[in-house]
Amino acid sequence: MAKLRKKLAAVLVGAAAFSLTLTACGGGGDSGGGGDASGDDAIDTSNASGEIDYWLWENAQLPAYQKCADKFQQENPNGKIKISQFAWEDYWNKLNNAFVAGDAPDVFTDHLAKYPEYITNEQILPLDATLKKDGFNVDQYQPGLADLWVGPDGKRYGLPKDFDTTAVFYNKKLVQDGGISEDQLKAMTWNPQDGGTYEKIAAHLTVDQKGVRGDEPGFDKSKVKVYGLGLDGGSGNGVGQTQWSMYTGSNGWTFTDKNPWGTHYNYDQPQFQETIGWLRTLIDKGYMPSVPAVTGQSSTDIFAAGKYAMLVNGSWTTNAMFSAKGIETGLAPTPIGPSGKNASMYNGLADSIWVGSDNKPLSAKWIEFLGSPACQDIVGQAAVVFPAIPSGTKIAEAAWKSKGINLEPFTSHLKNKTTFLFPITDHASQIEGVMQPAMDAVLTGKAEPSSLTEANNQVNALFG
């Protein structure tokens, strides 16, 4: 999932133009003889044939999905899957433009930050009737994943393909040079008052250009050589999956009044604002880089250059983090917070069918294959992400373990039930338009954490 989740809730590019033109182009194309254009009727997949387009954005996953397509085509010789892969930003630009032009892919990889607007604009098909007719088991996924793709209307708009959680990657040499043991990393705690052992370790692992550590007299925060704690790409906007959500999640805070489909955000609550305020102190003290310093930069590249001792990142970055040349990488759990537990956002992707597909029978059959063990076990073997089906997850864990990588800091969140959901609501693009500058302002010191109350008022006003 790479850059896909670094910018988890990136603004929906061209959203305004998109929504204005959808009424002219939405729902184009017929059902290919397999059901009505709305998707409320079951699509007949029994004689699926022809060719469809399938889009994804993750280049590391492309080989695995090509293997899935090859297997599907062997089993369905009258059907052909044409796969196209684009970089993260290009993907959404092209997809939104394709919706407007009426030539979008039949099936595409969907994101929790995007699909609420696609439901509102009637660009993706509900799958319920087709899945029921075909006897498809929607309960075969890791707990909770399938529920994420049920819209506010009670209809299902995607089949889960994978999931992710977060953990702390660390540079073993830098940690050992600092005299920090792996047991200490596994037991890190944090709080918004003094940062706990997590901040103490980050301070000690921070080193300036003269070799002075962050917790030693004479430390020069303006000339840092190694940051004790990295920052993944910016302020995290209004979601902060790898920037701050693991802290707010372990401080008793929740994004919305309910999830999914909440209608009231909680950026005004003390638990959130004190956490963000504490995070800013790490930047102010020089233990973590500034937002401007990392914006547009790859955190995995910075880690690979030996400039971060620790970095919170997602499971989808595992291969990149462990393949850094000259760096021996370790993995530790996210720190335990005031709640007495650690925490991680629980996110997952799915595949959806465009309402305008002119070959819905083959599209439906392909999406069922993508959501089955037949494909997800193949993806697991590639050891790139955690497939949504438990058998695929176990295969992926075993594949990584064969490389000497133990991913328990990621999977333990599921076992210990320390996950919380990505916030799924309507108005995602507008919310990001409000929260990105608000969060940037706080973490750059241009505004106080209390300013997030006004941003929260603007967000909640979107819901009427």
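User: What makes helix 9 largely enclosed by the rest of the structure?
Analyst: Keep in mind that this model is predicted. Helix 9 covers residues 196-205, and eight of its 10 residues are buried, so the rest of the structure largely encloses it. The buried ones are G196, Y198, E199, I201, A202, A203, H204 and L205.

User: Why is T318 called buried?
Analyst: Buried means under 20% relative accessible area. T318 has 0%, so it counts as buried. You'll find T318 in helix 14, residues 318-322.

User: And what is T318 in contact with, leaving aside its neighbours within four places in sequence?
Analyst: T318 is in contact with F169, W400, I405, L407 and F410.

User: Why does R213 count as buried, at a relative accessible area of 15%?
Analyst: The cut-off is under 20%, and R213 has 15%, so the label is buried. R213 lies in the loop between strand 7 (207-208) and strand 8 (224-229). With its neighbours within four places in sequence left aside, its contacts include A203, H204 and L205, and those three are among the buried residues of helix 9. D177, G178 and F219 are also among the contacts of R213.

User: How far apart are R213 and D147?
Analyst: They're 66 residues apart in sequence and 47 Å apart in space, going from C-alpha to C-alpha.

User: Why is K415 called exposed?
Analyst: Exposed means over 50% relative accessible area. K415 has 60%, so K415 is exposed. K415 sits in helix 18, residues 408-416. Between K415 and E368 there are 27 Å in space, C-alpha to C-alpha, with the two 47 residues apart in sequence.

User: What makes the phi of K417 worth a look?
Analyst: Most residues other than glycine have a negative phi. The phi of K417 is near 55°, a positive value in a residue that isn't glycine. K417 is in the loop between helix 18 and strand 14 (419-421). At 73% relative accessibility, K417 counts as exposed.

User: How do you know that the peptide bond from N259 to P260 is cis?
Analyst: Look at omega: it is near 5° for that bond, and the bond is cis. In general, most peptide bonds are trans. P260 is in the loop between helix 10 (245-248) and helix 11 (270-284).

User: How do you know that the radius of gyration agrees with a compact globule?
Analyst: A compact globule of 464 residues would have a radius of gyration near 23 Å, and the chain has 22 Å, so the two agree. The C-alpha trace spans about 75 × 50 × 35 Å along its principal axes. As for burial, 58% of the 464 residues count as buried.

User: What is in the largest nonpolar core?
Analyst: That core has 136 residues, and Y247, M310 and W366 have the most contacts inside it. Helix 19 (residues 428-443) gives the most to this core, with seven residues.

How values were computed:
Residues numbered from 1 in each chain as written. Predicted model: local features only at pLDDT ≥ 70, side-chain atom pairs only at ≥ 80, totals over all residues. Heavy atoms only, no water. Rg over C-alpha atoms; globule rule 2.2 N^0.38 Å. Buried < 20%, exposed > 50% of the residue type's maximum accessible area, 1.4 Å probe, protein only. Core = buried A, V, L, I, M, F, W, Y, C linked by side-chain atoms within 4.5 Å. Helix = DSSP H or I, 4+ residues; strand = E, 2+ residues; numbered from the N terminus. Contact = heavy atoms within 4.5 Å.
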